[in-house]
Amino acid sequence: MSTGRDMQNSRYTGLIDRYRNILPLAEDSRAVSLCEGDTPLVLCHNIELVNRKGIKLYLKYEGLNPTGSFKDRGMTVAVTQAVHEGSRAILCASTGNTSASAAAYAARAGIKAFVLIPEGNIAMGKLAQAMMHGAIILQIRGNFDDGMRLVKEVAETAPVDIVNSINPYRLQGQKTSAYEIVEALGCAPDFHCIPVGNAGNISAYWMGYSELAADVHNQGKQVVTASGQTSRPKMLGYQAAGAAPFIAGEPIEKPETVATAIRIGHPQSWDLAQGAVKESNGWFNAFTDEEILATQKLLTTHEGIFCEPASATSVTGALHDIERGNVPEGSTVVCTLTGHGLKDPDIAIRQSSTELMNIDAELDSVRRAILENL
Ligand code: F0G
């Protein structure tokens, strides 16, 4: 496997260069890349419950991708393939992050991006990205599921390539995160916790872990989990309580959650996600907006890591299951933090209890404020 590094100056050049041998891309396709991937796997130090139970809890910090979410992994592969096939335009429905990523990679490739977003329900940072990268933005009076339906319909007659996760190249790119985790740990985790919306990402990780376990790319790297009990982690898929079709056991019509990224009622990768959870002996669960926001705050104040609300769902679930013993003491757990906290500054400021102190621009005032608050 290539290191993804430019040999002359050891610059990391993105996940297609690094993982081309496990991706279904033509050899002569030119990578459309923003040096995505290679994200940190941060070990939690300061969460008391985790320490008490002897759990190794790692955060796969996907918010550090070029557009601030895991979507870039899938987008680099999907856009590379689209351009290779001669496409001049890509199209997606999005709760925000896919639109930001599609817009950026289209700009990089010199093609057009059309994005359908639900009016009033996308975080400001994501909208700013789509606008700045020059996407053509269609705000629909409807939700993500309406957008997804329309995208599939219009693509039948318009010359555009869909870059939602129903595009198989998206999941292929996203599976590389599982490869990075296994490389970093030297084994697979015992549990992998992940927020579930449209259900593509959980399916992509499962594909990655499954390939590694079966050594399908013949790299002599067949892996086992940290506890050595199985070859693949248990997949734990967590949703927001108001947008939890996998808990309902069927699609839901009016999803609602503060975690707008996962405000989805009709997940497109339903069967793949169900398969991942069943085959891995994992489970789904759902948590309230209050629980999700409390975890987002916990990560910022205790670990110095700022993720968006949807991402905090994975850690909310992990802590819930660690507390109840569903995740046994001593386990190695990875949570995917899917998007950066800066994506949604409104929610962050609204829920933060931090007061801004207004003081005079004088030494005495500053000094007093410091001494009183030490
Ligand atoms: N976390 C974040 C930050 C997301 O943006 C998404 C999906 C998910 C989790 C869920 O991942 O859909 O693969 O199950 N966002 C999509 C979008 C739907 O349009 O940006 P999933």
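This note covers the ligand site and the open pockets of the structure.

1. The model is predicted, so local features need pLDDT of at least 70 and side-chain atom pairs count only at pLDDT 80 or more, while totals for chains, interfaces and linings use all residues. Residues are numbered from 1 along each chain as its sequence is written, and side-chain values use heavy atoms, with hydrogens and water left out.

2. The ligand is surrounded by 20 residues, counted when a heavy atom lies within 4 Å. Ser94, Asn198, Ala199, Asn201 and Thr338 are the closest. By class, seven of the shell residues are nonpolar, eleven polar and two charged. Helices α4 (97–109) and α9 (200–214) each supply at least two residues of this shell.

3. Thr338 places a side-chain N or O atom 2.6 Å from a nitrogen atom of the ligand. A backbone N or O atom of Thr95 lies 2.8 Å from a ligand oxygen atom, and a polar backbone atom of Thr98 is 2.8 Å from an oxygen atom of the ligand. Of the 470 Å² that the ligand exposes when taken alone, the protein buries 99% (Shrake-Rupley method, 1.4 Å probe).

4. The largest pocket holds about 270 Å³ of space. Its lining has 17 residues, with Asp190, Ser227, Gln229, Thr230 and Lys234 nearest the centre. A pocket here is an open set of points on a 1 Å grid over the protein atoms alone, with protein on both sides within 12 Å along at least five of seven lines; lining residues have an atom within 4 Å of a point.

5. The second largest pocket has about 210 Å³ of space. Residues lining this pocket include Arg11, Asp17, Arg30 and Arg108.

Notes: Polar contact = N/O pair within 3.5 Å; in protein donor to acceptor, adjacent residues only side chain to side chain. Helix = DSSP H or I, 4+ residues; strand = E, 2+ residues; numbered from the N terminus. Nonpolar A, V, L, I, M, F, W, Y, C, P; charged D, E, K, R; others polar. 1 Å grid on protein atoms, 1.4 Å probe; cavity = no way out; pocket = protein on both sides within 12 Å on 5 of 7 lines; lining within 4 Å. Points joined across faces, edges and corners; volume = space filled by probe spheres on them.
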